[in-house]
Amino acid sequence: MIAGLIALLLVLFVIRLVRNRRKRIRREANPRKITIKDIDLMADGSEFELYLFRLFHELGYREVYQTTASRDFGADLVFTDQNGLRNVLQAKRYGNSNPVSIGAVQEVYTSMRYYEAERAIVLTSGRYTDACRILAAVNGVKLLDREDLEELIILFKSRRYDEAMAIIEGPAETEAPTWKPKAKKAT
């Protein structure tokens, strides 16, 4: 009986710790404190977007804007890079079991015109489908995955901002197979 009561109290204590940690993450979204594990615990994508907004601002990017939650036209952040180019970024806080598909590339690519941007980026805490990678390469959309995000976090926390910005601003992958028509003719 007493062991069951102690176990219950311990479970309630752990639940409270997790809730407090989540509240702190939402309240602060402090890039100096947040780890990849904190990102995995975020309740929704808006927390991830806030974290990235603060990260990009602290990296030293100019004109960093977080778009509205609704009617964002496919971009979550808009920022100006070191070369003076406007970038649109779509953030996807996904797990490895749920890869980002081509919809993210389609949305961020089409948002470029609305935001008058020269570059498009998708950044995820997970991974991408093969089709997503192909479509991004064909359209020049930069993809940053979980490994890139972990590297950005490490570089930021060690104050190696230029190296972090080099990852973000590096060229998009452009090697991709393109469509070829089948040898079927209309009759």
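Here is what I'd like to know: does glycine 126 count as buried or exposed, and why?

Reply: Happy to take you there! Please keep in mind that this is a predicted model. Glycine 126 counts as buried, because its relative accessibility is 2%, and the cut-off for buried is under 20%.

Which residues does glycine 126 touch, once its neighbours within four places in sequence are set aside? The contacts are Tyr94, Gly95, Asn96, Asp145 and Arg146. Take tyrosine 94 from that list: 32 residues separate it from glycine 126 along the chain, yet the two C-alpha atoms are 5.1 Å apart.

Another residue on that list, Arg146, leads us onward, as helix 6 covers residues 146-157. Helix 6 has a partner in helix 7 (residues 161-169), and the two axes come within 8 Å of each other, crossing at roughly 160°. Angles over 145 degrees count as roughly antiparallel, so helix 6 and helix 7 are roughly antiparallel to each other. Their crossing is left-handed. On the helix 6 side, the contact is made by Asp148, Glu151, Leu152, Leu155 and Phe156, while helix 7 brings Tyr161, Glu163, Ala164, Ile167 and Ile168. Sorted by class, this contact of helix 6 with helix 7 has 7 nonpolar and 3 charged residues, and no polar ones.

Now let's step back to the wider setting. The UniProt record, an unreviewed entry, places the feature "domain: Restriction endonuclease type IV Mrr" at residues 44-153. In the model, that span is 43% helix and 23% strand, and its end C-alpha atoms lie 19 Å apart.

Finally, here is the whole protein chain. It holds 7 helices and 5 strands, and reading along the sequence gives the pattern α-α-α-β-β-β-α-β-α-β-α-α. Of the 187 residues in the chain, 38% are buried, and glycine 126 is one of the residues that count as buried. Among contacts in the chain with a separation of 6 or more, 56% are between residues 24 or more positions apart. Taken along the principal axes, the C-alpha atoms of the chain fill a box of roughly 80 × 45 × 30 Å.

How values were computed:
Residues numbered from 1 in each chain as written. Predicted model: local features only at pLDDT ≥ 70, side-chain atom pairs only at ≥ 80, totals over all residues. Heavy atoms only, no water. Buried < 20%, exposed > 50% of the residue type's maximum accessible area, 1.4 Å probe, protein only. Contact = heavy atoms within 4.5 Å. Axes fitted to C-alpha atoms, helices over the stretch in contact; angles between N-to-C directions. Helix = DSSP H or I, 4+ residues; strand = E, 2+ residues; numbered from the N terminus. Parallel < 35°, antiparallel > 145°, perpendicular 65-115°, else oblique. Left-handed = near helix turned anticlockwise from the far one by under 90°. Nonpolar A, V, L, I, M, F, W, Y, C, P; charged D, E, K, R; others polar. UniProt positions renumbered as here; feature names shortened; annotations may be inferred.
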